[in-house]
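I opened my notebook to look up a few spots in a protein structure. Here is what I was looking at.

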Amino acid sequence: MHVVRFGEAPPYDAPGHALMKMVRLQGREAGPADTAWLGVSTIAPGGGTTLDASAVEKLYVVLDGTVTVSNGQDRVSLSRWDSCRIAPGEGRQLSNETNAPASILLVMSLQPPTPA
């Protein structure tokens, strides 16, 4: 068993993220993980990410507030407990268009899947 207390979760930075504070809860520098890492991002009003795609699937769950998610074609506002899957290679942009902070949980594979 590997426990990470939220108050001790290591912060990290990612390119293309503005007005966001991010911590890793499991995996990478937060400790051992075989298949995925887990993180929480707090997005200040007006903050978010650029529109980018990655080779791995991303799963998001809004923990608090409202987060707008776009894949470059569709836009949807997600509220507390709403979730969204971004497929490998699909664009993803997060934004907080409200006047209150929002937080979102991210689950992301450690590496791209091996071709069959």
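My entries below go from ground rules to cores, a pocket and some loop residues.

**Ground rules.** I am working with a predicted model, where local features need pLDDT of at least 70 and side-chain atom pairs count only at pLDDT 80 or more, while totals for chains, interfaces and linings use all residues. Residues are numbered from 1 along each chain as its sequence is written, and side-chain values use heavy atoms, with hydrogens and water left out.

**Entry 1: the largest nonpolar core.** I looked up which residues touch the most other members of the largest nonpolar core. They are I43, Y60, V67, V69, L94, I104 and L106, out of 18 residues. A nonpolar core here is a set of buried Ala, Val, Leu, Ile, Met, Phe, Trp, Tyr and Cys residues joined through side-chain atoms within 4.5 Å. The elements giving it two or more residues are β2, β3, β5 (58-64), β6, β8 (83-86) and β10 (102-109). Strands are DSSP runs of E with at least two residues, numbered from the N terminus. The largest share, four residues, comes from β10. Apart from this core lies another, of five residues, including A9, V23, V40 and L105. A note to myself: in soluble globular proteins, nonpolar side chains tend to be buried together.

**Entry 2: V40.** I found V40 in strand β3. Is V40 buried or exposed? It counts as buried because its relative accessibility is 7%, and the cut-offs are under 20% relative accessible area for buried, over 50% for exposed, and partly exposed in between (1.4 Å probe, protein chains only). V40 and L106 are 66 residues apart in sequence, yet their C-alpha atoms are 6.1 Å apart in space. Leaving out residues up to four places away in sequence, V40 touches F6, K21, M22, V23, L25, L63, I104 and L105; contact means heavy atoms within 4.5 Å.

Entry 3: S70 sits in strand β6 (residues 67-70) and is buried, because its relative accessibility is 7%. I saw that the side chain of S70 reaches the backbone oxygen of D74 at 3.3 Å. Beyond four places in sequence, S70 touches L51, R75, G91, R92 and Q93.

**Entry 4: the largest pocket.** I read off about 230 Å³ of space in the largest pocket, a volume being the space filled by probe spheres set on grid points joined across faces, edges and corners. A pocket is an open set of points on a 1 Å grid over the protein atoms alone, where a 1.4 Å probe fits, with protein on both sides within 12 Å along at least five of seven lines; lining residues have an atom within 4 Å of a point. There are 18 lining residues, of which A14, H17, K58, R92 and M108 lie nearest the centre.

**Entry 5: loop residues.** P32 lies in the loop between β2 (17-26) and β3 (36-49), and I list it as exposed because its relative accessible area is 59%. P32 and H2 are 30 residues apart in sequence and 7.6 Å apart, C-alpha to C-alpha. R28 is found in the loop between β2 and β3, and has a positive phi of about 50° although it is not a glycine. W81, in the loop between β7 (75-78) and β8, has a positive phi of about 75° and is not a glycine either.

How values were computed:
Polar contact = N/O pair within 3.5 Å; in protein donor to acceptor, adjacent residues only side chain to side chain.
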